[in-house]
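Below are my notes on this model. Please read them with the structure open.

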Amino acid sequence: MADSAQVLYSVKGVKKYYPVKGGILRRVKNHVKAVDGISVDILKGETLGVVGESGCGKSTLGRTILGLEQLTEGNLVYNGTNISGYSKKELKPFKKEMQMIFQDPYASLNPKQTVGEALEEVFIIHTDLRGNERREKVIRLLKEVGLTEEHFDRYPHEFSGGQRQRIGIARAIAINPSFIVCDEPVSALDVSIQAQVIKLLKDLQEKHELTYLFVSHDLGVVRHLCNRVLVMYLGQMVELAPVDRLYENPVHPYTEALLSSIPRPVVGVKRERIRLQGDLPSPTNPPTGCPFHTRCPIAKDHCAVERPKWREIEKGHYIACHER
Amino acid sequence: MIESILSVNNMVTAFKTSDGLLPAVRGASFSVKKGETLCIVGESGCGKSITALSIMGLLPSNGKVTEGSVMFENKDLLTLKKEDMRSLRGNEISMIFQEPMTALNPVFTVGYQIREPLMIHHRLSKREAHQKGIELLKRVGIPSPASRMNQYPHELSGGMRQRVMIAIALSCNPKLLVADEPTTALDVTIQAQIIDLLNDLKRDFEMSLIMITHDMGVVAEIADRVIVMYAGEIIENGTVSEIFNSPQHPYTRGLLSSVPNVDDPDFHLNPIAGSLPLLNEKISGCRFHPRCPHAMEKCKAVSPVTFEATPTHSARCWLMEDEEVRQHGGQRAGTL
């Protein structure tokens, strides 16, 4: 991997388990292993994509990295500081550095607050700017994300989905963070609006030298926006590679199947298709050994027993598979 | 020429709202041939789902088809009596929905829900219907179908539920299946399974399929013919290769270049500016002109008529007028 000097955020062996309680005494019976041992270095200025099917733990990973979820195990090292055991108060200066853009911009805005008030709140919490200065800042922000001054006194319901996502983005970039987790920021939007928001995210990244962790199930968007991609399956890492390597030369059978499942908007080209059988197993009771062996077309006996090692197969390209 | 099984002529569907009567579908005309898959594409609010619901007679109580006709095998579905429509629906025309959890009844077993149409429409006994139900579940690729019959919808995964919905929809061998975004809520690997299944079933059951989607990738995989809707109007209509390889309307072109191509590392994303108009927005001329990069003075004033690029390919855009004049020496094609 690249030099440590370039690493912005180092995620080391992160696990996030949710207890499943049952019985009359509500004892912990089992755990949902949402994130089960993820280690990845996020480099300064890059966009790292995290892809996988629903329930693979990609969103939980994003939230855990931002400290929105308690870690079960592992270490988070931000810019050289290990912040994994930090209290809320200790985390505050770091939260200024890290922000999040959510999937559903309507659910993440307070319906009783004007957009101006909502955005001003960020400055009240993190800076000691006064009323007028705050207003000015907010207006500048609105303009930066493609809205206008008039939008300051409007309520969230008066906006379309795309505009609401722009507000969500304005909120995230308000206090000049260096790292933003984007959790499916465009999947709730129509395609023509989706393309506008992707463009905005790209422009802002260039202008503010932002680092993105881009969580998405849309492999087309990921290819367009990301530099490197991490593929997850049932909370575990499956493959990590620079974006073009991953799309042109997927090595793990799950990545291969995932890529060949995407319907292409092209007519008349016959493609080799790999169809996976069955559904995603439950994360409460994941398969033993390699989590993918129950659906894997090339699984052998030992895949059910032994968890495959995470190994580098070429520079910057990692997989966890016994057979490849 | 294969005969059409369904033809929709100049259908207008309007909704009673506090702002008055607002048209959601503004004069849609199209037909579906036997064994053909027609995809209706467009973004949210373009009227694609309302078109399907109008055909099915399932509009919400404030919606009404105010003009036009929907001919299904020489019967106008809009003038049919409620009872006649009910005996047709789920029998000769079936529908599957986006979210199978809300379309299935949570308090009845899968078996109950799959037996119901068979007992009502085909007058099978409970035992016969049960047997047929198991066969159907097997046909749609559900493992251990006999035990699934006794399970409730919440015990199944999203992909399984959609398979159950498809089994129920196919139980009476419909001639036409209307599928409203059937794969949108599913993961890509499951989506691929469902698309393959629909393609297989369509062939085996010799039925026609109307598929509503916003995903151009899905369209390319399944469609024979495509209609593109924008703000309540059909703006382009053609075979799947015509729509993808020589799109005529600027909106169709915009849609195609708004979806990042997975196979092309240098794909240039070219979004359509602006946002979709609201239902109550008054737009003169072409409904797309405020967002159109090629809009001319004429577009702002006069609503475009339908021009033909080929006998199977037409679009509503004034840009085609010049070409039309060149090709046909001034003869203008009529509306569809």
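**Notes on a predicted model**

1. B:Arg316 belongs to strand E12 of chain B, residues 313-316. Helices (H or I, at least four residues) and strands (E, at least two) are DSSP runs numbered from the N terminus. The model is predicted: local features need pLDDT of at least 70, side-chain atom pairs count only at pLDDT 80 or more, and totals for chains, interfaces and linings use all residues. Residues are numbered from 1 along each chain as its sequence is written, chains are lettered from A and ligands numbered from 1 in the order written, and side-chain values use heavy atoms, without hydrogens and water.

2. B:Arg316 is in contact (heavy atoms within 4.5 Å) with residues including B:Glu233, B:His249 and B:Pro304, leaving aside neighbours within four places in sequence. The B:Arg316 side chain reaches the backbone oxygen of B:Pro304 at 3.3 Å.

3. In chain A, eight strands make an open sheet with mixed pairing, in the order E6-E7-E8-E3-E9-E10-E12-E11. Two strands pair if DSSP finds at least two bridges between them. Strands E6 (98-101) and E11 (310-314) of chain A are at the edges, each with a single partner strand, so one side of each has no neighbour in the sheet.

4. Strands E7 (residues 179-183) and E8 (residues 211-215) of chain A pair in the parallel sense over five bridges. A:Cys182 has A:Phe214 in E8(A) as its bridge partner.

Notes
A polar contact is a pair of N or O atoms within 3.5 Å; within protein, one must be able to donate a hydrogen and the other to accept it, and residues adjacent in sequence count only if both atoms are side-chain atoms.
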